[in-house]
Every structure is written in structure tokens, then in C-alpha cells.
Amino acid sequence: MASSTNSCNIIFHVLLLMQLCSSRAIYENSKNNHMEENHIEIFGKKEHGDLDPALNVFFHVNDLYLGKKMSIYFAVSDPSTTPRLLAREQVDLIPFSSSKLPYLLDFISLAEGSPQAIAMEQTLKQCELEPVPGEIRFCASSLESMLDSTRRILGTDKLKTLTTQIHNLTSPSFTLLQGYTFLKEPLEIHVPDMVACHTMAYPYTVYYCHGQKGHNRVFRIPLGGENGNRVDSIAVCHMDTSMWDHDHVAFRVLGGHPGSSPVCHFLPADNIVWIPSP
């Protein structure tokens, strides 16, 4: 019986290594696009000085009106180059800590100091940051862990997800950055609490999730693009920024400083907002 169990464990580890190596190949092919298009460091510092087009997601709360026009960058994910979401029993076997980074890099044969290794280090450090007062944050590397943490935070097993839906995505006229018009009055989704989860750069899927009790507003905004594209977007407004870092990229885009005004932003299509379901 013990021999059979050991054999199963060996086979499982071999299969896991094969899956991670496959994820590594996908990660290497997609890392640059993933960092620039799928994940904007909207809740931390931006290392380089120049503002890139992907930061065209921020707006002021007084911009929430019918007919508003603005340039918006909507990231998209190619399923063929998107890191895989692993099962809990798999990720539980893989250390997720910056102190274990050398082991992790050796495990998937990535060179220390490579762009992929640097991205992994940044993700791990982001996930290890202590929350500011009144904030909750966690990183989830499996659907099960994300559900467990979200249920605990929202205090209910009944959850609903909100995501941005991009239509006509295969149209030749679609561009990541284009001018959009608010087609209808933004619809506020009134909820006592929410948890927003953002994809991070990593060899397998990792979500950085956070929320601030009673200080966020969620909106559904239908948008019409200048190229004929239609987006049913989800936007979040953070009403209390008093504890944010002075170097937060939102202040560089919108102006202001911590606590000076609310900050709103659109969510990419691969991000998730969790809310209690009625």
C-alpha cells in the first residue's frame, strides 16, 4: 500500500513539473504582453518613469455621466498564451514566497535576473505587502483559495462575479487603446462590500485580490468605441485614497495626492470583481 502511494506521489510530481514547464513556455511567450496589457500596477508603484498607454484606465468620479468621451486602454488575453490556472492540490505543493524564489527558478529552469524571474519577484513582493489600515488583501493561485478567501471576507457563500465584456474582439478595427463614449448613464451596483482580483505576471495564474470595507463604489458602464467596438465595462471608484502611496501611478495620471479625491478605473477583461449575491 505504501509503495503504491509513493508511486502515485512520484507520478503526480512528474505531471506537475510537466505542467509547470508547459506554463513556463507560455509564460515566456506572453510575459511582455501580460505585463503591459493584462496587468497594470494600479495598486503599487510603477518602476519606470514614462507613462505607458496601458495607464489610460483611470478617471475622476465626476466623469461618470452619459456622453462622457475618453481614451481607454482595454487589455485582452489570448487563451493560447495565458498562464494556466492550477488546482489547489497542485499549487499547495509549490512554495509561494520571495524567500523561495531561487528554488522556484531552478524548479522551472528560469535564469536569475531574466525578465521572467524579475516579474516573478515583483509579483511575490506585491503579494507579501502588508495591507494598509482598513484594507484586506490576499493573493490566490487557485480558484478554490480565491473562493474561500472571498467568502470569508464578504461573509457569505453566495457570490456573484462582475467582469468587463469586450464585443467584436476579432474585428480588424479593434485596438487596445481607442476613444470611447459612455452610451448610457453609468449604473451603480450598490453593494456593502466587494473584492477585486487582478491578474499578476507569473508562470501560472495568480490573482492579487483586495478590498476596503465601505470605501468602494462599483459601476457598470456601456461604452461605444470610435472604431465601432462595444464594451460592457466594469469600473471601480476608490472613495478613500488617504492611505495610498504618494507614488501611486493613479496620482501621476490624474494628479492629486493621497486623500485629495477619489480614484476610479476600468477593469481589464481578465479581472474579477466579487460581490455578495442577493
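Figure 1. The model is predicted: local features require pLDDT of at least 70 and side-chain atom pairs count only at pLDDT 80 or more, whereas totals for chains, interfaces and linings use all residues. Residues are numbered from 1 along each chain as its sequence is written, and side-chain values use heavy atoms, with hydrogens and water left out. C197 and C209 form a disulfide with their sulfur atoms 2.1 Å apart; the criterion for a disulfide is a pair of cysteine sulfur atoms within 2.5 Å. The link of C197 and C209 is right-handed, with 115° about the S-S bond. Because C197 lies in strand β8 and C209 in strand β9, the pair ties together parts that are twelve residues apart in sequence. Helices (H or I, at least four residues) and strands (E, at least two) are DSSP runs, numbered from the N terminus.

**Figure 2. Strand β9 and its two faces.** Strand β9 spans residues 206-212 and is mostly covered, seven of its seven residues being buried. V206, Y208, H210 and Q212 point one way from β9, while Y207, C209 and G211 point the other way.

Figure 3. Two strands are taken to pair if DSSP finds at least two bridges between them. Strand β3 (residues 135-140) runs antiparallel to β9 and is joined to β9 by six bridges. Within this pairing, F138 stands opposite C209 in β9. Strand β8 (residues 195-200) also pairs with β9 in the antiparallel sense, over five bridges. Here M200 stands opposite V206 in β9. A hairpin of five residues connects β8 to β9.

Figure 4. C127 is joined to C139 by a disulfide with an S to S distance of 1.9 Å. The pair links distant parts of the chain, with C127 in helix α4 (residues 115-128) and C139 in strand β3, twelve residues apart. The torsion about the S-S bond of C127 and C139 is about -85°, so this disulfide is left-handed. C127 counts as buried because its relative accessibility is 17%; C139, at 24% relative accessibility, counts as partly exposed.

Figure 5. The sulfur atoms of C237 and C264 lie 2.0 Å apart and form a disulfide. C237 belongs to strand β11 (residues 230-238) and C264 to strand β12 (residues 263-266), so that distant parts of the chain, 27 residues apart, are linked. The torsion about the S-S bond of C237 and C264 is about 105°, and the disulfide is therefore right-handed. Both C237 and C264 are buried.

**Figure 6. The protein as the setting of the close-up views.** The protein contains six helices and 13 strands. Of its 278 residues, 47% count as buried. The count of disulfides comes to three, and with bonded cysteines counted along the chain their pattern is 1-2, 3-4, 5-6. Contacts are defined by heavy atoms within 4.5 Å. Among contacts in the protein with a separation of 6 or more, 76% are accounted for by residues 24 or more positions apart.

How values were computed: Buried < 20%, exposed > 50% of the residue type's maximum accessible area, 1.4 Å probe, protein only.
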